[in-house]
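Please have the sequence and the structure at hand while reading.

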Amino acid sequence: MCGVHRRILICLALAGILALPSPGDAQIFKKLKETVQQSAEDEILSRADLLTREGVSCPFNDFECIDGAKESGDDYYLTDENGEMVVDGEGAPVTDPHEAAETLGEAPSASPSGNVPPPPAAGGVPPADLSTADANVDFVPGDRTLIDYDYFNDDVGDFPRGFELIEGSFEVIEWQGERYLRSLSNGVFAIALPSILPERFTIETAVNLQHGNAYVAITPGRAFLTRPRPYAGSAITVRYREAGIVPVASTGPRATAQHHQSVIENQIAPLAVMADGEHMKVYLDSDRVANVPNAVFPRTDTLFVAVSSATPDKPILIGRIRIAGGGRDLYDRLASEGRVATQGIYFDVNSATIRSESSATLDEIGTMLQQHPDLRISIEGHTDADGEDASNLDLSERRAAAVQTTLIDEYGIDANRVVRVGLGVSVKVAVKDTPEGMELKRVVE
């Protein structure tokens, strides 16, 4: 005897394991197994039937259809070339296009154009140098910084203190001297701005995606994943194979461009947004991927960032996030404020050679001077704090002179209208001695 109820239960369990089942018991177990299996099959069939009746049907390689269903929050299922639902070995509907491609015997990572991308670069994902990105051919960064978040005030492994977590798993990581926000799951976080987003603004960041269904979306209201999702309007999105502006709740235009997945998979790709009223442009890496005159992007004091299909083995990385007012029409701000500091003219370390990505800002300044012949400007050169003060002062003067020479030679501006001065490190352009902060000090105002 086992003595107490708990021991009686244990003894009976052990006895049941050790004793051979009778023919009647075996029949009961068989029927029980068949019942469980039939129940599971019925559940799969019920789900498939519900999807067929109420879900959106998308060909397994039609990423626009799949993305549209996700953005609208609709259930969807994938079909083969004959319009039949793609199911796995157990008969369950397949919703991952890569899994569907494998099931159908297609190239699992083929893009809509049929191009099979190369394998990821060995050694991990290289960090992006946002300031050297040729993507910003006509991009002019805003001069009035609202948010410039580089994660260096956060502890590695923590969720950023400056953001609000809505849902998901995020953590700050450090890699090769840079900080990134890493997402390990679907998630949403909010960025509170110090004021309502102005009519003219810019966003600069960088992203890396590893999963075929992954995306990063930026909206001025809750639009993805978390319910309720009351927002209807335009969303800035970066996906595995396309990026641009898409409508949410059937509101706003769709303007996206496809890119090779290696653009977003093998690097932390620079992402930039420039908005002036309803006119919005989006840039990814070396391409302008959206240019729309009628975006629906209400100005609020909060931006929401949603990520999808991130996992511990295929995370999403988000780089430094800078949001600024301005970005175009320097003359209006110069006339009203008397001074404009632009972050759009860059130099390499210890160099007075203007980098190529400065061309858009220089063109705007040159055109402004051509259109307003009564305008005279002073150009101020700055450096970072590396090196001796005397050499930094000389370098800042040469940088100001380089800009002056460009305006005179390339835009025909009279030398008397362009005064230059080098300030070295005497004026702090950026307060942090992070890589990003040092970069911002090597500029001309």
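A salt bridge here is a side-chain nitrogen of Lys or Arg within 4 Å of a carboxyl oxygen of Asp or Glu. In this model, which is predicted, the count by this rule comes to eight salt bridges, and the side chains of aspartate 148 and arginine 320 form one of them, with 3.0 Å from N to O. Aspartate 148 belongs to strand β3 (residues 144-149), while arginine 320 sits in the loop between β17 (316-318) and β18 (321-325), so the pair ties together parts of the chain that are 172 residues apart in sequence.

Another pair joins arginine 182 and glutamate 171, whose closest N and O atoms are 2.4 Å apart. Here arginine 182 lies in strand β6 (residues 178-183) and glutamate 171 in strand β5 (residues 170-175), with a separation of eleven residues. Arginine 398 and aspartate 394 form a further salt bridge, and both of these residues are found in helix α8 (residues 389-411), four residues apart, about one turn of the helix.

| Salt bridge | N to O distance |
|---|---|
| Aspartate 148 and arginine 320 | 3.0 Å |
| Arginine 182 and glutamate 171 | 2.4 Å |
| Arginine 398 and aspartate 394 | 3.1 Å |

Aspartate 148 is partly exposed at 28% relative accessibility, as is arginine 182 at 26%.

The chain as a whole has nine helices and 20 strands, and of its 445 residues 49% count as buried. Among contacts with a separation of 6 or more, 65% come from residues 24 or more positions apart.

The largest nonpolar core has 60 residues, and those with the most contacts inside it are Ile191, Met280, Ile318 and Ile323. Strand β16 (residues 302-308) gives the most to this core, with five residues. Leaving aside neighbours within four places in sequence, isoleucine 318 is in contact with residues including Tyr151, Tyr180, Phe189, Val216, Val305 and Val307. Apart from this core lies another, of 15 residues, among them Leu362, Ile365, Ala400 and Tyr411.

Note on methods. Residues are numbered from 1 along each chain as its sequence is written. This is a predicted model: local features need pLDDT of at least 70, side-chain atom pairs count only at pLDDT 80 or more; totals for chains, interfaces and linings use all residues. Side-chain values use heavy atoms; hydrogens and water are left out. Helices (H or I, at least four residues) and strands (E, at least two) are DSSP runs, numbered from the N terminus. Buried means under 20% relative accessible area, exposed over 50%, partly exposed in between (1.4 Å probe, protein chains only). Contact means heavy atoms within 4.5 Å. A nonpolar core is a set of buried Ala, Val, Leu, Ile, Met, Phe, Trp, Tyr and Cys residues joined through side-chain atoms within 4.5 Å.
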